[in-house]
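Colleague: I'd like to learn how to read a ligand site and a helix pair. Can you walk me through them?

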Amino acid sequence: MSDKKIESILNENRVFPPSDAFVAAARLKPADAEALYAEAAADYEGFWARLAREEIAWATPFTEVLDASNAPNYRWFADGRLNVSYNCLDMNLAERAGKTAIIFEGEGGDQRTLTYRELTDEVARFANALKAHGVATGDRVVIYMPMVPEAVIAMQACARIGAIHSVVFGGFSANSLRDRIIDAGAKMLITADGGHRGGRVVALKAAADEALAAGCETIETVIVLKRADCGAAMQDGRDVWWSDAVAGQSTTCDPVPVDAEHPLFLLYTSGSTGKPKGIQHSSAGYLLAAKLTSQWTFDLHDDDVFWCTADVGWVTGHSYVAYGPLAAGATVVMYEGAPTVPDGGRFWSICERHGVTIFYTAPTAIRALMKFGDDVPAQYDLSSLRLLGSVGEPINPEAWIWYHEVIGHGRCPIVDTWWQTETGSIMITPLPGVTPTKPGSCTKALPGIDVDIVDEAGNPVGSPEEGGYIVIKRPWPSMLRTIWGDNDRYIETYWQKFDNRYYMAGDSAHRDADGYIWMMGRIDDVLNVSGHRLGTMEVESALVAHDSVVEAAVVGFPHDIKGEGIFAYVVLRGERPTGDAAESLTATLRDWVGKQVGAIAKPDEIRFADNLPKTRSGKIMRRLLRVIARGEEITQDTSTLENEAILDQLRGKA
Ligand code: PRX
C-alpha cells in the first residue's frame, strides 16, 4: 500500500439497531456508554485507574497509573501487586461457589461440569503439583493440550504461582512446538496423550516427544493428561501422568502476588518474517481489559451461558475462555472437537442442550456451517441465544445476514469484534445494547481505546471512504509489553513506522460517513487462514527446507470457507514435474509443510515453475503472483520478465 491509497470496495448500507427489549436489559445502555466515552476523554488515566480499582482485587494497591518514561515500553499500575487466578476464582467463591464455571463437552459426547468451587480446588491441586515439580514464579511452562478443562486448569495454575504460560495450539506440528519451547526457555511441558478432533485422535504426546528429541534442553518435566487413551511412551524421570502429579495434593494453594507488570503469558503469533513472535502480556492490565470487555461487549449477566468456540491455543481462547469470563463470574462452555462431528449441526446442538445465551465464533466457521443449509440449524431450538459474536477476520455481509437470520432469528445483536493477539482484548466492536450494527463493519472503538486511521505520514485520512493504517494512539492496559527476548523487533514491528507515537496494528481500514470502521485486511505479508494468522515467510521457509525445493513464494487468495487460502509457487532443484509427477510432489510438499508448521499451513494450491517472476532488482513480483492466484487478468507490465513463457507455467497452463 506504500504509494497507493487503498480504496474500499464494500458498499453495505443496511443498519440493524438493537431491539428495545435488548437495550432495556443491557448492562450498558446508550447513556452509560456516553458517560464512559466522556470520562475517558476527560481523564484518560483517571478512567483506567478507576476501573482498575473497582474491577481488580489488589494484594497491594497501585499508586502509579501509566508509566511512559520508557515508551513504547509502557507500564500500567506498576507498583501494584495482584494474583490473576485469585481474581478469576477465589473472588467468585463468596457469591458463586456453587455456580457452574465450565460446562465441557468432548467430541465423543462425554460431558463434565465444574463449579467455581471445584475449579478453584482443581487449580490449587495442580498449582501444588507444579511447585512439587520445581516450577517457580517466573518460570515458563508450555501447554500443548486439547480443548479440555485441564487446559484452563493448567493456565490458571500457572497464574496462581506466577509461572508464565505459553500455550501452543494442539494443531501445530512438533517442529513448531520445539521452536516455541526453545524460544521461551520453558522448564515444563504440559500435554495429553491425545485429543479428539474431526473424528480422529490427535496424538499430542507423540508430537511432543518428537519435539523434545530435537533439543529442548530446558524442559525438565512433562506432565501428561490421559485424555484419548491412545497410549504414550513415558520417559522415566521426565514424564509424569497428570493424575499422579495431583494425587495427594492439597486443594489449598495460596495465590502468589506478583507485580502488575509480571508477564502472565507468552503467546506466539506469526509476523511477516519466518520466526514467530512471543507476544508478552502483563498480569494486571491484561486481566482488567479481558474482564471489562467480557462484560461490555458480551453484556454478561449472571445467568448467561457464554460459549466462545476458540481454542485456548489462540488469544481468543485466552481472553474469552480462560480469563475474561471467569474474572466476570460467568459460566463458559468448552467443546473439544470439530464443528462438523458428527454433522454440521453440532454447534447448534450444543447451544440447545446447554442453553447457550451468548455465542462467539469465527466467520470461517459460520461460512462452513452455512454450507450445510438452513435446515440443519432449523432442527434445533436456538431460542436461548440472545447475542452473537464474530472474530478473527472481516465477516462478509452474506455470512453476517445468515448468522443474524438463521442462527439469531433476527433477535440477537451481532458483535463483530476487531482485535489481535497483541492488543490482548477487544478494541473495536459494537456495544450490543448501544450500537446499531452494519453487516461487515466492526463499528467503533471501545471507551478508553483511541483508534484512528492514518496515511503514510501518520495524519488522519481525509475523506470518509479513504483507506489507511489502523493505529492506536494511546497505550492501553492490555497492550502487549514486548516480544519475548526481542524488544528491538517489538519496536520495529509496531512502533517505528510512526516514530514511536502510535501503535501500528498492521491492518488497513476505512471509516464511513457515520464514523464506522471497516477493516480491509493486512498490509504486510501475513495471511489470515480460517481466522488464524500465518506469515507467508513461514510457509516459504517450510517449503524451501524440503530437499527438492530451491525457491518458493507464497501468496493468499480468496477462499470460500477459509477466508484466505494459501497459494504456493515453487521452483525445484531438478526438472519441473508435470502430470502425475506434479500431483504426487504436490501431495508430498503439502504434507511436508503440515509437518513443519501444522496442518493449517498446508498450501491449497502449488504451482511448479522454472523460476519466479522478479523485478530487475531481484524482488519477487508478489503482486503479479497474487493476480495469478486469483485467476485475474494480468494488467501490469511484465516486459521485465526474463522469460515471459514462465507466465503460462505460473498460470498452470504449461
Ligand atoms: O487482520 C486482523 C484480523 O486478525 C488479525 C489478528 O489475528 P490474531 O492475532 O490471530 O487474533 C485473532 C483474534 C483476535 C487482525 O490483525 N481480525 C481479527 N478480528 C477481526 C479481524 N479483521 C476484521 N474484522 C475482525 N473482527
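Modeller: Start with one atom pair: a backbone N or O atom of Gly-392 lies 3.1 Å from a nitrogen atom of the ligand. That's a polar contact, meaning a pair of N or O atoms within 3.5 Å. Bear in mind that this is a predicted model, where local features need pLDDT of at least 70 and side-chain atom pairs count only at pLDDT 80 or more, while totals for chains, interfaces and linings use all residues. Residues are numbered from 1 along each chain as its sequence is written, and side-chain values use heavy atoms, with hydrogens and water left out.

Colleague: Which side chain has an N or O atom 2.5 Å from an oxygen atom of the ligand?

Modeller: That one belongs to Thr-421. The side chain of Asp-507 also has an N or O atom 2.6 Å from a ligand oxygen.

Colleague: Which residues come nearest to the ligand?

Modeller: Here, near means having a heavy atom within 4 Å. There are 16 residues around the ligand, and Asp-416, Thr-417, Thr-421, Asp-507 and Arg-533 come nearest.

Colleague: Now the helices. How do I read the packing of H2 and H3?

Modeller: In general, two packed helices are described by the angle between their axes and the distance between the axes. Axes are lines fitted to C-alpha atoms over the stretch in contact, and angles run from 0 to 180 degrees between N-to-C directions. H2 (residues 30-42) and H3 (residues 44-55), both DSSP runs of at least four residues, pack at about 125 degrees with axes 5 Å apart. They're therefore oblique to each other; angles under 35 degrees count as roughly parallel, over 145 as roughly antiparallel, 65 to 115 as roughly perpendicular and the rest as oblique.

How values were computed:
Polar contact = N/O pair within 3.5 Å; in protein donor to acceptor, adjacent residues only side chain to side chain. Helix = DSSP H or I, 4+ residues; strand = E, 2+ residues; numbered from the N terminus.
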